[in-house]
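Here is a short briefing on one protein model. Keep the structure open beside the text as you read.

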Amino acid sequence: MTESAAPTPTTEHKNGLDSAEAARRLQQYGPNALTEEKVSFIRQLFGYFWGPIPWMIEVAAVLSAAVSHWTDFGIITALLLFNAGVGFWQEYTAGNAVDALKKELAQKARVLRDGEWQVIDAFALVPGDIIRIRLGDVVPADARLSGDDYLNVDQSALTGESLPVSKKQGEKIFSGTVVKQGESLAEVTATGQHTRFGKTAGLVEQAKTVSHFQKAVLNIGNYLIYVSLILVAILVLVQLHRHVPLLDLIQFALILTVASIPVAMPAVLSMTMAVGAVLLSKKKAIVTRLESIEEMASMDILCSDKTGTLTQNKLTLGDIKIYKAADAQEVLLMASLASREEDRDAIDEAVLQGLEHKERLASFKQIKFVPFDPVHKRTEATVQAENGESFLVAKGAPQVIMEMADLDAADLERADNDVNNFAAQGYRALGVGVKKEGRDSWDFFGILSLFDPPREDSQETIGRAEKYGVSVKMVTGDNQAIARQIAGKLGLGTNILKSDILATGKESNSCSIVGVDIEKADGFAEVFPEHKFAIVKILQDSNHITGMTGDGVNDAPALKQADVGIAVSGATDAARAAADLVLTSPGLSVIITAIEEARRIFERMNSYAIYRVSETIRIMFFVVLAMVFFNFYPITAIMIILLAFLNDIPIMTIAYDHTGLEEKPVRWNMQQVIFVSTAMGIVGVVGSFGMLLLAMDWLHLDVAQIQTYVFLKMAVAGHLVLFVGRTREHFWKRPWPAPVMVWSAVITKIAATLLAAYGFGFITPITWPEIALVWGYSIVSAFVTDLVKVEVYRHMRHKTSRHLNFLGRMKEKIARF
């Protein structure tokens, strides 16, 4: 058989463009990409000096200069530059990480150049290129069809049309549209900004969504701002009543507010997400939407494709049942003629490998080939023999080929039995038919059996998922018997539902009984893409955070609807574009790795939230109450700025912290965060007042020394709170903090201690025995805080357990009713 790599080009460029001409046109027309509005380096940097937080710092600096406090002015300016530098560096690092991930997902295009078919990055296409487009492709540029075949194209993203549009030779197809059916050649007519999509995109600004977890953390930020502003307002009113100098008061109030507001929060969030995404990319999982990492932490149900994800996607040829064919090899010959080797399809490869005499293919010429699609469920080819006789061959779902052949009752019953027997063994059946020239009906030549064995790691991976509280449900287009056989081997269970219970119309499975059945199911058989969407929707309506895997163009809606859409290895461009996570290696183990990393990221964010709230309560309440009751500043504005420096550096390293791994899906618990952090903050306030009384009544220090004393206590205890708050157990238990986190804290603590000992012109020094007392008191205070924290967690776990037991009993009563 003479195999055609693609339909014959009908343009004047039979060999496509040559490399030199393509390079010249790339220079002339530019890359095939939408130009992004890049913010200049200077503008991006100066953006960090504009906004509510920078304004407060800038006003404080101006006020310092106005009252000739030049030391204050220098340190406040340094804080402003430090915050801007850290924010810029974090955004730059996160941006580079995302750009690198996008490059890994760069769209490819099949193009004819220098007389050969090549796969290149789509951005290198130029007008005049001959490209090959097939089912599932996102069209890479505006083009005119030049092949004899037709395409069905989904233009909804561009025109809003809900139904696919048929395109034939000579008609235009547009960049960004999705091929739903067919395969053809096309000549590129426009690229980049000159495409219809490029012109439209210039008028549209995409909105960015904020994930649930980010919203929760931002709510905490708002809570801290409100608490800080209320306490500062009380402080200002009391001090004004005492006739404190206005400029000094405003400067102190501004600095105190800035120190209490989570300035580093956006940087910590972006850095943690970026670090997690880069780590996942090294483990063959590319994140297309950073916020989806958080959703993975909460995922409790994963609907997984069978083929290629749970199984090896390496089909092996089994028994062959003969009908109209002379022998098994003739069935294989006809099936091979309905295949195309260069497409490297798994079924085609299994069929061709089973053919004993491949030289027989040279006697035939494949005139036309119609690839498989999910609607017709078959491949079909027009073949010409050496004698000039033409005939059609087809292979595909046995039911489809049997219906085309119009079998008599006896053969139909026999074929059904053969298919069912194969299915009972876990084999996939493939019907083969031939239609000779001049005849109206097809001949049913036979049934091939194919077996796709489970991946070696699938059963172990499913066990790990169950251990983490994620229920895995198998989704397959195979019949129920095959699905049960494979599910049983994988240890999933054999409660496999057929897709006919899933309504895809207006009734939308409103019956709650269907929802319960789907929750209890181990998998779903005979599933079409629209059923996947229905499965996701029903599970979400039952309050499940649902993940869905997919690879085909018709899987895109389900991937988009799912909380975590996962495009498996080898997925089409359309599926990858709709997914949150793109796997670059086969199997399910990568997804479990992603779940583990997502939960670690969640723990880091949770630790940060607890630390921030407890620190704000500890500093704000202590400073404000001390000024109200004792009528002096327990800490100076300069010291507050220095504390901000010393605290922000270690908190940046939380993105690399070693955290525990929750065994169940985690969801944001605002009540728990507020309870725990408030309890820790109150212990800190009480401890700070105890320290203040020691300094005043036992050591008899003057005000300047007390301020240094309090400053060192705040610095040392603040770092210890970071380590206390990072785990639900006692802080000395595993997992221990990351070395970078420990060393950043050690270095900043040493800096604070040296500053307290020698002053360096910024603060009044205190003696080493007094420093030792501060350290000892702070360490004891950290242990007390830890004991309170563990007790609060234990109380909340007990309360949650009682609540869940009550809900469980109510659910059982409702089910019985």
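The notes below go through cores, sheets, helices and loops in turn.

This is a predicted model. Its largest nonpolar core has 116 residues. An open sheet of 8 strands is another feature to find. Strand β16 is worth a look as well, since 9 of its 9 residues are buried.

**Nonpolar cores**

- In soluble globular proteins, nonpolar side chains tend to be buried together.
- Leu256 and Phe711 have the most contacts inside the largest core, which counts 116 residues.
- Helix α22 (residues 589-630) supplies the largest share of this core, with 22 residues.
- Which residues does phenylalanine 711 touch, leaving aside its neighbours within four places in sequence? The list is Ile635, Met639, Leu642, Leu643, Leu646, Ala752, Leu755 and Ile763.
- A second, separate core has 29 residues. Among them are Leu315, Val331, Ala338 and Leu430.

**The open sheet**

- Strands of a sheet pair through backbone hydrogen bonds, either parallel or antiparallel.
- The 8 strands here follow the order β9-β22-β21-β20-β10-β17-β19-β18. Their pairing is mixed.
- Which strands are at the edges? They are β9 (285-287) and β18 (496-498), and each pairs on one side only.
- On average, neighbouring strands of this sheet are turned by 20° against each other, direction ignored.
- Strands β21 (residues 564-567) and β22 (residues 581-583) run parallel and are joined by 2 bridges. Here alanine 567 stands opposite valine 582 in β22.
- Helix α17 (residues 480-490) lies across β17 (471-475), β18 and β19 (523-525). This helix runs at about 165° to β18.

**Strand β16 and its partners**

- Strand β16 spans residues 443-451. All 9 of its 9 residues are buried, so the strand is largely enclosed by the rest of the structure.
- One partner is β11 (residues 316-322), which pairs with β16 in the antiparallel sense over 5 bridges. Threonine 316 stands opposite phenylalanine 451 in β16.
- Another partner is β15 (residues 428-436), joined to β16 by 7 bridges and running antiparallel to it. Glycine 433 stands opposite phenylalanine 444 in β16.
- β15 and β16 form a hairpin with 6 residues between them. Glycine 438, in the turn, has a positive phi of about 90°.

**A helix pair**

- The axes of helix α16 (residues 458-467) and α22 come within 9 Å. They cross at roughly 25°.
- That angle makes α16 roughly parallel to α22, because angles under 35 degrees count as roughly parallel.
- The crossing of the two helices, α16 and α22, is left-handed.
- Thr461, Arg464 and Ala465 in α16 meet Ser589, Ile592 and Glu596 in α22.

**Backbone details in loops**

- Where is the cis peptide bond? It joins arginine 734 and proline 735, with omega at about 0°. Proline 735 lies in the loop between α25 (703-724) and α26 (739-758).
- Aspartate 114 has a positive phi of about 55°, although it is not a glycine. This residue is found in the loop between β1 (108-113) and β2 (116-121). Aspartate 114 is partly exposed, with a relative accessible area of 40%.
- Asparagine 631 is not a glycine, yet its phi is positive, near 60°. Asparagine 631 is found in the loop between α22 and α23 (637-652). Its relative accessibility of 46% makes asparagine 631 partly exposed.

How values were computed
Residues numbered from 1 in each chain as written. Predicted model: local features only at pLDDT ≥ 70, side-chain atom pairs only at ≥ 80, totals over all residues. Heavy atoms only, no water. Core = buried A, V, L, I, M, F, W, Y, C linked by side-chain atoms within 4.5 Å. Buried < 20%, exposed > 50% of the residue type's maximum accessible area, 1.4 Å probe, protein only. Helix = DSSP H or I, 4+ residues; strand = E, 2+ residues; numbered from the N terminus. Contact = heavy atoms within 4.5 Å. Pairing = 2+ DSSP bridges. Axes fitted to C-alpha atoms, helices over the stretch in contact; angles between N-to-C directions. Parallel < 35°, antiparallel > 145°, perpendicular 65-115°, else oblique. Left-handed = near helix turned anticlockwise from the far one by under 90°.
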